[in-house]
Amino acid sequence: MNRPRHRTNRRTRNLALLVGALLAAHVNAATAEAPRFRKPRAQPPVPEGMKEQPYREETPPPTPTAAEQDRGFVVFTRPITQPLYAVSVPRAEERTEGLAAFAAPGEYEPATFALYALRDLPDVRVSVSELRSPEAALALEHLDLRLVTEWNIRYPDYSSKGAWRRMPELLEKVDTVDIPRGECRRFWLRMRVPEQARPGLYRGAFTIATAPGAETVLPLTLRVGSFRLSSDPRKKYSAYHPGFGPALGHVPKELRDQAVRNEQAEMRAYGLDMFPVFGLVEKRRADGSWTVRVYAEEELAMMLDLGFQGPIPVSSGFGGFYRHHVPDGKKGPHWKVNKVPQGDAMYRDIEQAYRGFRAHYAAKGYPELICLPMDEVDATSAPFAAKVYAAIRAAGLRTWTTKDPTAADADIYRQADALDVWCSQPFSIPYAKATTDPRYEYWCYPNKVVSEVKDLNVRLKGGRMTYGFGFWKSGYTVLIPYHWRWQASKDPFDYLAGQSGCGHRIDEQGEFIPALNWELLREGRDDLRYLYTLQQAAYDREYSANPACRALAGQARELVQEIWDLVPAVPLYAPPHTFDDYEFTALRWRMARLTEELLRHPAARRGPSPSVLADTTRTPPAAPDRLAEAEKQGLLERRDLGEDFSAWRAAEAEAKVNVIASDAHPALRMTVNVDHTRDGHGKTDGRHLVNWPGTARKFAPNEVPLADFDYLVFRYRIDSNRDEVADDHTPILVDITSHEGGSAGFKGHTMLDFGDLQREWRTLRISISDLIMRSGRPAAELWKSLRQVYFVVCEKKYRHGTRLQLDFDRIELVKGKEPVLESITASSALLLPCPAFPVGVSGLGFSRNDGYQLALALVGGGRTVAQSKAPLGDAAAARYTLDASAVLPGVYELRAAVLDATGREVSVLSKRITAIPGFVRGGLGDTWRRGLVTGRIFALFNSLAGTSAQSNPGCLPVALFEHHFRQRARPCDIQEVASSRHCHIRQTQLFFDFFSRPRGHIGRQVAVSVMIA
């Protein structure tokens, strides 16, 4: 069909010539030598004797398309809860042609992607345009584009001796980066949506420049919601924070003060609303009296102006008293002292000094200061510490302690009436107790998911879970992690010079450099804000006179109850006790949609919603015991590790073992006499007096093929001399070791609570894959042969003098004779459109993969709407993808089935999935495919907008246009654009139409239509 001819005039022809000239000028400029830009910081040298434990990638390299081969890289994206190392490899379903996100006004939201280099790519530059809706713009000042950089860090924990791993840690502001062939780099955009941002769909793009004139564009879409997020007034976020002190002592005061202000503003941006921990300084005057003051008090005053809320947690402020009154006393780690003061003189000095401390800050009008004089006190020093705490309480101040309220020595503090707040690492107190205790508050310092353990699966996904849904489920009131910014050496970027610190960094110019895991902590806090906003909206409207409004409030309560039942009640939120990666986004979008619908109706009442708008006493139905079912069907194979127990030995002097009879079978009895005064060899002057007695059995190389098995299963029975309170918990460490780790072996361990049931047999099973994952070395080749099984009593968790008797029976490794599905891991909602729906399955016998396949199907309305089939993975938990591009909104059954070589169904499992429209209505598929254009055209837009290409190279001023897509048979070159009839007067805005070819290909040539009034 002939196209209609458009009339032109002189003005239009002149404009066309101008367009051509501008394009030509940009092409010529692109051939000039590019200026040098800032690259990632250099790594400090690795100390001699330290051994690298590299991350190993098991995904095979991708097969590139012709377009990817041409440009030299693969663009892909991975959930932010998953780590992405330099050696990571994109999976097929992770390839992307555009990014999309949604956020509420006032929220920070990330958008991330990575480039996998198919050849060496020097001086790669990535930039981002402003985001534009038809009515408003999200300017560049609200878009902070950074590169995730790796650092050499002690591994597997912050204090590891002699071992390190290179791992993602910081988000650096970088202009150019080199990407070697076979490696990838992750780019992280932090979008800050203004408080008064108008709702709507905002579009922009990233420009990826690999050489002059070789530029690729990746579209970005952000949906801004119509409501602002609320925060639960009962939940507070704080952090350990050292103040600047000597960190910037070498820079001018003006720069230092600005850096302080910048950092405090970042604290607020990350959601810290309660004051961080401030250190105290105690001094003895010439007249013998004492003073206590806040270190870096000027920073405290600045925080008041930024809106930080009380109380103000303070720590230390006691060491000087101890040194003065016990001059020959020695303090070990965790406030373990060898001598205590005689008499009450020290406690009187403490009370007097803290009375003055309280009066000084009350006169200044500061919020309440709550005191932690001794951090993580050793159990042997608990009676002494309780007196110190009691003296501070006598001065009229509240106290908090870093002590688990279930610890063996916790009763000492209770009896002395020395405490007001228990601050523990795990959420150890049940929700009902934490929310109704009339005497104590419960805080948490979740170090295991923030700083101590360097497993990124724990720090990213576990951190997000802890800061959001886990915090909600716990009933605790304050999160106070260690650490906001902690360095253990003079060089803040040397993670190997001392203990590998954690948190953000400040460079020599006072610039703030974010830490990767804090981005996930902020996302967790926002998960909770979305949840509380929904609860508040429902609470305000559930008594509405409008039936439709009441129905929506009922739906909100149902969703809240669903989330409550979905979140496990555990002390520590780390894999596997976390959500699926995609569940976070799915739940957040479901909450956002329902909140928006509710807020269209007026409130029927006002007042703060409860923290949890759900039935917290309801017990969700237990999942079927697939292991028991498989045993009934004769599908289990066992390897006896106990046998006659003659090969089991005691470890440490406090443990004794002997063989007893149990149900006509031999059993092992381990008796431990907890002794905090002797080390593992019985010496009273040893280094570790509070140690780890236990029992273990060793195996010869290749005697037990560990990787073939799925579970460690055993029976146990407890007896002890503990009272009815102390025996509520029996923490035992279970440890396995492989031969592949050299003389020491690789270790996988987990701390379990054997519970409170005395003198009765119980059965426990532990996932081998979980133990291996906890080792931080999950590669299958590192766990082929079992070296040792070890049951350990951690003495610091028991009172001195405790006699603990543990009987073990039927210690076995178990695997499936055929694959048996145990669980499906997939988000509860499928956001449409969805070209690839990730599904995880776990079970037994997956190592027996000879001819087995996994069939996935999405079934609804009596028909199958999506299905796929793939070989069964050889891991205990495997990931698959289901092509759901044709799925429509509705409720479906996700069905997973293991098929043998003949097609027979060996094991079947299903899960309910709800498909709902995603946050870009109508989908992003066509927009992405047609919106990928060359950055050279973008430079023209910059010229027309008066934007400096030098200061903002390759960026797209989306404020001048919106996307219109039309079909064309072929692209136009520059000359055709400059002279053809595609330039015409039509509307009062400037529009550019983008095309790409072939379908799914990131284009290099486009047609341009210029429409000017």
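**View 1. The largest nonpolar core of this predicted model.** Of its 140 residues, Phe318, Tyr354, Phe357, Trp400 and Phe469 touch the most other members. A nonpolar core here is a set of buried Ala, Val, Leu, Ile, Met, Phe, Trp, Tyr and Cys residues joined through side-chain atoms within 4.5 Å, with buried meaning under 20% relative accessible area (1.4 Å probe, protein chains only).

**View 2. Around Phe357.** Setting aside neighbours within four places in sequence, Phe357 is in contact (heavy atoms within 4.5 Å) with Leu280, Val292, Arg293, Val294, Val314, Leu369, Cys371 and Leu397.

**View 3. A four-stranded open sheet, ordered β16-β15-β17-β20.** Pairing, which takes at least two DSSP bridges between two strands, is mixed here. β16 (290–294) and β20 (369–372) sit at the edges with a single partner strand each, so one side of each has no neighbour in the sheet. β15 (residues 278–284) runs antiparallel to β16 through five bridges, and Arg284 has Trp290 as its bridge partner in β16.

**View 4. The β29–β30 hairpin.** Strands β29 (residues 655–662) and β30 (residues 665–673) run antiparallel, joined by eight bridges. Two residues lie between them, and Asp663 in the turn has a positive phi of about 50°. Asn658 stands opposite Arg669 in β30.

**Notes.** Residues are numbered from 1 along each chain as its sequence is written, and side-chain values use heavy atoms, without hydrogens or water. Local features need pLDDT of at least 70 and side-chain atom pairs count only at pLDDT 80 or more, while totals for chains, interfaces and linings use all residues.

Methods:
Buried means under 20% relative accessible area, exposed over 50%, partly exposed in between (1.4 Å probe, protein chains only).
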